[in-house]
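Here is a friendly note to read alongside the model. Please keep the structure open as you go through the points.

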Amino acid sequence: MQGAVLAARQGILSLLLERRELDAAASELASLRQQHPQHPATLYFETLLALHRGDATAAQGGADKLLGGAPTQARYGRLAGAVALEAGEPARAVAQIALAQRANPADPGLRRRCALALGREGDSRQALEVQQPQLGATSTDAAALALAGVAALQRGDRAAAQAHCKQAAANAPAGNAGLHATLALGQLAQGDVRA
């Protein structure tokens with residue numbers, strides 16, 4: 001029964017953070033902390049909330065503790081990578097994500113996060129290489145395709161960039177403003193100035 005309650009709290013926290021309801025998430029996290037003060041899920045959500053609130057010091061401290069206990073855990077690698085990217089440290093993000101990715105090679109979220117970090121580090125060739133398994137002609141992973149479009153554009157391959165962005169746009173969820181902004185920037189960079 002206690003496991004079900006913990007899982008439910010984690011689900012609620014995930015939803016609240018996804019919706020950016022940070023005050024409600026903080027309240028739910030206080031309850032989780034009271035019931036499970038030493039559980040890794042508590043530290044995970046404390047770190048995630050710190051990241052959402054822009055508290056780089058707390059987020060980095062939490063990410064370091066999570067990785068110290070389970071360096072190959074996929075969700076910890078994704079979170080640590082996000083924290084490092086937010087801090088403007090793409091090389092650190094790549095190193096943290098790569099460790100988790102080697103242990104979880106099929107995790108698409110790790111691949112996308114690694115490609116993003118590599119792109120910010122300026123290694124567009126490697127960013128495309130990491131994403132390759134997600135870039136087939138039938139791919140519906142809009143985020144991976146958008147990242148591939150940006151990486152192809154960085155490499156000067158306008159045709160590949162346009163193909164990836166077109167495929168991403170066809171599969172992009174309507175409510176994902178960040179993804180649509182990335183696709184719009186990709187179109188502008190390719191000289192497509194249509195509204």
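1. **What you are looking at.** This is a predicted model, in which local features need pLDDT of at least 70, side-chain atom pairs count only at pLDDT 80 or more, and totals for chains, interfaces and linings use all residues. Residues are numbered from 1 along each chain as its sequence is written, and side-chain values use heavy atoms, with hydrogens and water left out.

2. **Confidence.** The predictor's confidence in each residue is given as pLDDT, from 0 to 100. For the protein the mean is 84, and 88% of its residues reach 70 or more. Where pLDDT is low, the predicted coordinates should not be read in detail. Helices here are DSSP runs (H or I, at least four residues), numbered from the N terminus.

3. **Helices α4 and α5.** Take α4 (residues 56-69) and α5 (residues 74-86): their axes lie 9 Å apart and the helices pack at an angle of about 150°. Axes are lines fitted to C-alpha atoms over the stretch in contact, and angles run from 0 to 180 degrees between N-to-C directions. The two helices are therefore roughly antiparallel to each other, a label for angles over 145 degrees. From α4, residues Ala59, Gln60, Ala63, Leu66 and Leu67 meet Tyr76, Gly77, Leu79, Ala80 and Val83 of α5. This contact (heavy atoms within 4.5 Å) divides into 8 nonpolar, 2 polar and no charged residues.

4. **Tyr76.** Beyond its neighbours within four places in sequence, Tyr76 is in contact with Pro40, Tyr44, Leu66, Leu67 and Ala70. Tyr44 is 32 residues away along the chain, yet the C-alpha atoms of Tyr76 and Tyr44 are separated by 7.6 Å.

5. **Helices α9 and α10.** The axes of α9 (residues 142-154) and α10 (residues 158-171) come within 8 Å and cross at roughly 160°. These helices are therefore roughly antiparallel to each other. Residues that meet include Ala142, Leu145 and Gly149 in α9, and Arg158, His164 and Cys165 in α10. The residues of this contact divide into 10 nonpolar, 4 polar and 1 charged.

Note on methods. Parallel < 35°, antiparallel > 145°, perpendicular 65-115°, else oblique. Nonpolar A, V, L, I, M, F, W, Y, C, P; charged D, E, K, R; others polar.
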